[in-house]
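The following paragraphs guide the reader through a structure shown just below. Please keep it in view while reading.

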Amino acid sequence: MAKAVEDHAPPNGAGVAPYVIELRRIRKEFGAFTALHGIDLGIRKGEFVCFLGPSGCGKTTLLRIIAGLEVQTSGEVWQNGHDISRLPPAQRDYGIVFQSYALFPNLTVADNVAYGLVNRRTPRAQVDARVAELLKLVGLPGCQKKYPSQLSGGQQQRIALARALATSPGLLLLDEPLSALDALERVRLRQEIRALQQKVGVTTIMVTHDQEEALSVADRIVVMNDGVIEQAGTPMDIYREPASPFVADFVGKVNVLPARVASGALRVGALSIPCDGEDREARVYLRPEDVLARPIAEGDAHVFDARIEKIEFLGSYCHVKVAAPALEQNKLTVYLSLNYLSEQSLSVGSPLKLKLLPERIKVF
Amino acid sequence: MSAVLPSAADAAAPVRQSAHWTDRVAQAALLGVALALVALLALPLLTILLHAVQGKAGEFVALDNFIAYARTPALLTSLWNSLWVSALVTLIAVPLAFGFAYALARSCMPYRALFRGITLIPLLAPSLLSAISLIYWFGNQGVLKQAMTAVGIAEIYGAPGIVLAECFAVFPHALMILVTALSLADARLYEAADAMGTSAARKFFTITLPGAKYGLISAALVTFTLVITDFGIPKVIGGSFNVLATDVFKLVIGQQDFSRGAVVALLLLAPAVVTFAVDHYVSSRQTAMLTARAVPYRPKRAPKYDAAMTLYCSLIALLVLAMLGMAVFASFASFWPYKLTPSLRHYMLGLVDAEVGEAFLNSLTMAAGTALFGTALVFCTAYLLEKTKGMDGLRAIVRLLTMLPMAVPGLVLGLGYIFFFNAPGNPLNPLYHTLTLLTLCTIVHFYTTGHLTAVTALKSLDSEFEAVSASLKVPFFKTFWRVTLPICTPALVDIARYFFINAMTTISAVVFLYAPETKVASIAILNLDEAGEIGAAAAMAVLIAAASATATLLFMSLAWWIGRRTQAWRGNER
């Protein structure tokens, strides 16, 4: 993939919070394999940033480089204006939560949370007070005397979080913290982590492969693929304005249709949408929710007939697969509400009218 | 803040992290361990190589010693004897052990734990205990001497005695490997076979045997190596039947012919190294075979089959008990075979007159030292290797050195120690003949098994403990003390017990290294036997077995006590 590495760090202008973490041309090689191809990224104070990408995209490696657990082959890591590229983990300022939690199983919850405090020669009473405060913060007051094995996965995760925050680090690193939990617990805990982060105000980097998780908690998402940053932006940007086919495909569901740009118009099957640019073959990326079944008024543009081929029932909404003659029989997935389907008595084989929202179409 | 780096910097040398002072502590410790292992293992072994290519005056003679060896008919006979005896024992003991292991792992036979316990008893005594017992059963004044001559064996001394005694000595070793191999079965394969109506015999040959293939290879190799390098049994019951192991002793201690001794030692090293290499390969295949999704095999009740298995195991267990029982009985007999009333004569003779009491104390001291310092060394080294970073080159060397002892027979190690520590120019020379050196040699001799236990325990810990500690600014040694060590105490007790029992019963390595005042009990038994005091020898062997058994019980209660004190957190583990 011959692709220029863009500088994803916005200029360090006036009126914007300074970078807490700055990555400069981070490159990581494992033998002949290049895991990271020169990553540039700046993270601002108090930001919640998610590294999102499929497994093997380098997101965890990047996190571990920031933590000093891996050493980059070249490039620099800056924290608060200091070059920390060569500092060992113990001399960097961060708290970390791993996927496995890595709680010390033979120590009580209180001892786990106080692990980093005791070493700093803090008086016992003060340590106890801080532990109680942290446990309250993560919503588990009074479980000081328990052992990790007596807690559920979600509770263990909260304790790991409390332990990481105990020393009030300037940076919180979360390495797939929710992936070992069941679906319900994940959804609940990710909101708790977000609320906690807002309350404490700690700059946070979370690695995840779950796009929904990233969309729901992050201030900014860094989408990575094959060791490069595909796009960095707010969840809305990433979803609505994907910078590359990869991002469009990886984040959210998307319909991909062959198209052609010719003399100022984008032609998708029989539909034509105004579009500038040179004449070329193109692909259209279209989110299912950007194909509407209603409201469609008489005379609306970009309306076409379709026939329902398959309905996947998912509760209040259904994923409906349609085929449209206007799209040269390319299949299209749209989201229709259950109410609409029953109002219109739609079932497999039924015809219906659909409308494209041209402003939402992404062309690559 | 500096400007963005010029692109030329991308081609510069890779970034290296500066080391934290705690990393330096770990690296210094690793260096220390490396030096110790080089001095206690690598250099002694290299000295053997050196001696093998040196003449009497220390001049370089290339392969002359090997050629001279090949031209000595007596020594070649020993080589041949060693080979065929070891092969024969392997052929007898491994199938017997396989049957026993099969009964333990694949049947609903009652008292399986008891059967297993009985067959492990030989591990508690020096291997030569079985040789002594055989002498009482089949020797010139043996109980069953008549029966033996009736089947055509003129006397037990020589090959028949060695083969029989070795079978008993190696049985528990082969059994442990095979039980492990047979326990690793995937029930789904058998269910699939049953669903297709496969016959029992076909299941055995198409599922069971291929599944246990690696275990069988491993058991056969280990058996062969144990027999070919064993010294005690051929010494006691070999008579004029010479084997390599006894040759080394005669050449080095008797004739002071270090060069030729070194050549024989290298011959002994060869099968051990092959075994080690094959075993290493085999064990990696073995673990890959069983996936995490396998369903463990649970034997079903089958009255007739279970009864047949019980009968077979009872027979073997009875033979083992007969061996042990005879030694115990004879050690208490007043005057074999004429007056069998019980007395403590042999114990008095051994402990008081032959001053074995002192040797026994030496043994206990050495075993305690081995258990204490060996466990500490093994565990710290394993920890440094597994959980710290840096000095990758040195790390690879240490890793190799921790695995090497598995491939070095005790006799060879002991010989290396004489050559190395007895050399006049060696600053470590004062150690020679001391109990300290005996202890160090024993630690190194049994190092690898302890190391593997420690590594297994350490690998089961979350690999991010050290990363978490570093992020919390807690030095690694504090986490070692507060977390790693407490979690690993059961493994530590296991390692200590293993060291203790083996130090009590070992002969092969220490036989070269003792001085009169640092003689250990297992050596004293050899000397008693040589002096014709076989009753006393039996008594002392029984005493060692009793001490080992007591130690095992003590270690087990220690493990239980520690478990209650430090492992409370395991209580509700999911």
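How many residues does the contact take from chain A, and how many from chain B? In this predicted model, the contact draws on 36 residues of chain A and 33 residues of chain B. On the side of chain A that touches chain B, the elements giving two or more residues are strand E1 (19–30), strand E4 (74–79), strand E6 (95–97) and helix H3 (115–118) of chain A. Of these, E1(A) gives the most, with 3 residues. Sorted by class, this side of chain A comprises 17 nonpolar, 15 polar and 4 charged residues.

The next subject is the division of chain A. Chain A is split into domain 1 (19–250) and domain 2 (255–363). Taken over C-alpha atoms, the centres of domain 1 of chain A and domain 2 of chain A are separated by 39 Å.

Attention now turns to chain B. Its secondary structure consists of 24 helices and 2 strands. The C-alpha trace of chain B spans about 100 × 75 × 50 Å along its principal axes.

The interior of chain B can be described in two further ways. Of its 574 residues, 47% count as buried. Among the contacts in chain B with a separation of 6 or more, 82% are accounted for by residues 24 or more positions apart.

Technical notes
Residues numbered from 1 in each chain as written. Chains lettered and ligands numbered in written order. Predicted model: local features only at pLDDT ≥ 70, side-chain atom pairs only at ≥ 80, totals over all residues. Contact = placed C-beta atoms within 7 Å. Helix = DSSP H or I, 4+ residues; strand = E, 2+ residues; numbered from the N terminus. Nonpolar A, V, L, I, M, F, W, Y, C, P; charged D, E, K, R; others polar. Domains from an automatic or database assignment. Buried ≥ 20, exposed ≤ 12 C-beta atoms within 10 Å, placed from the backbone.
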